[in-house]
Amino acid sequence: MEGGIDAWNGLVAGGTYEAGLAYFSRASRPEELISLSFALEEGNRVFYERISQDLTEEEAASIFRSMGQAEERHKDTLRELHARITGKSGNPAQPEGMETGGFLEGGAPLQETLEWAKGKTVAEILELAIAMEANALDRYIKMGRAVAEERSREVFLALSLEERKHLERMTSLLDRLRE
């Protein structure tokens, strides 16, 4: 890599980076972790949906559309888990100071990331999406370890396995694009 890290010209975290990550240190109860995950899943869903609309490469657009649908299914799973834990139906409460869908998994602001993606190649966008999904995988593994209730652990394990499948699908496409 010519120039090493100094030559990196990709997406760089800036601005309100802490706003997307500070919630993890404050979220300790399962319902708080679920609310945070729900908000981040929505951010990713919106990102994938908008990216799929802008892409001309059909295979990539299809993958991003299906990723958006998968994020919606994850939200359904989190809604069910939240209802079971709290006894309340509907969407989990928004984390304080964090609009639902305002941040992506990993803490990047949605709108800034969508601006960054304009004019980027499919490979560059896939690299970012892979990083987001790796973050989600890590988060669900950690959440599964943090909750005491067995059924909740199973839900987080299932979500982590789905994130792993997303990673495999996107890295496969990225590998084909680079051939």
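User: Met170 first: is that residue buried or exposed?

Analyst: In this model, which is predicted, Met170 counts as buried because its relative accessibility is 0%, and the cut-off for buried is under 20% relative accessible area.

User: Which helix does Met170 lie in, and what does Met170 touch?

Analyst: Met170 lies in helix H6. Leaving out residues up to four places away in sequence, Met170 touches Tyr48, Ile63, Met67, Leu126, Ala129, Ile130 and Glu133.

User: Which other residues of H6 are buried?

Analyst: The buried residues of H6 are Ser152, Val155, Phe156, Leu159, Ser160, Glu163, His166, Leu167, Met170, Leu173 and Leu174, and these buried residues pack against H2, helix H3 (58–86) and H5.

User: Now the partners of H6. At what angle do H5 and H6 pack?

Analyst: H5 and H6 pack at about 160°, and their axes are 8 Å apart. That angle makes H5 roughly antiparallel to H6, because angles over 145 degrees count as roughly antiparallel. Sorted by class, the contact of H5 with H6 has 18 nonpolar, 4 polar and 6 charged residues.

User: And what about H3 and H6, at what angle do they pack?

Analyst: For H3 and H6 the angle is about 175°, with the axes 11 Å apart, and H3 is therefore roughly antiparallel to H6. The residues of that contact divide into 12 nonpolar, 5 polar and 8 charged.

User: Switching to H2: how many of its residues are buried?

Analyst: Of the 25 residues of H2, 18 are buried, so this helix is largely enclosed by the rest of the structure.

User: How do the axes of H2 and H5 cross?

Analyst: The axes of helix H2 (residues 30–54) and helix H5 (residues 122–146) come within 12 Å and cross at roughly 165°, and the two helices are therefore roughly antiparallel to each other. H2 passes H5 in a left-handed crossing.

User: Which residues make that contact?

Analyst: On the H2 side the contact is made by residues including Leu33, Leu40, Glu41, Phe47 and Tyr48, and on the H5 side by residues including Ile125, Met132, Glu133, Arg139 and Tyr140. By class, this contact of H2 with H5 has 12 nonpolar, 2 polar and 3 charged residues.

User: Glu41 is a charged residue, so is Glu41 buried or exposed?

Analyst: Glu41, which is found in helix H2, is buried, because its relative accessible area is 0%. Leaving aside neighbours within four places in sequence, Glu41 is in contact with Glu71, His74, Lys75, Leu78, Glu105, Arg139, Tyr140 and Glu163.

User: What about Glu80, buried or exposed?

Analyst: Glu80 lies in helix H3 and is exposed, because its relative accessible area is 58%, where the cut-off for exposed is over 50%. Glu80 and Asn91 are 11 residues apart in sequence, and from C-alpha to C-alpha they are 9.1 Å apart in space.

User: Ala61 next: where does Ala61 lie, and is Ala61 buried or exposed?

Analyst: Ala61 lies in helix H3 and counts as buried, at 1% relative accessibility. Not counting residues up to four places away in sequence, Ala61 touches Ser52 and Leu55.

User: Last one, the whole chain: how many helices and strands does the protein chain have?

Analyst: The protein chain has 6 helices and 0 strands, and 44% of its 179 residues count as buried. Among contacts in the chain with a separation of 6 or more, 77% are between residues 24 or more positions apart.

Conventions:
Residues are numbered from 1 along each chain as its sequence is written. This is a predicted model: local features need pLDDT of at least 70, side-chain atom pairs count only at pLDDT 80 or more; totals for chains, interfaces and linings use all residues. Side-chain values use heavy atoms; hydrogens and water are left out. Axes are lines fitted to C-alpha atoms, for helices over the stretch in contact, and angles run from 0 to 180 degrees between N-to-C directions. Helices (H or I, at least four residues) and strands (E, at least two) are DSSP runs, numbered from the N terminus. Angles under 35 degrees count as roughly parallel, over 145 as roughly antiparallel, 65 to 115 as roughly perpendicular and the rest as oblique. A crossing is left-handed if the near helix is turned anticlockwise from the far one by less than a right angle, and right-handed if clockwise. Contact means heavy atoms within 4.5 Å. Ala, Val, Leu, Ile, Met, Phe, Trp, Tyr, Cys and Pro count as nonpolar, Asp, Glu, Lys and Arg as charged, and the others, Gly among them, as polar. Buried means under 20% relative accessible area, exposed over 50%, partly exposed in between (1.4 Å probe, protein chains only).
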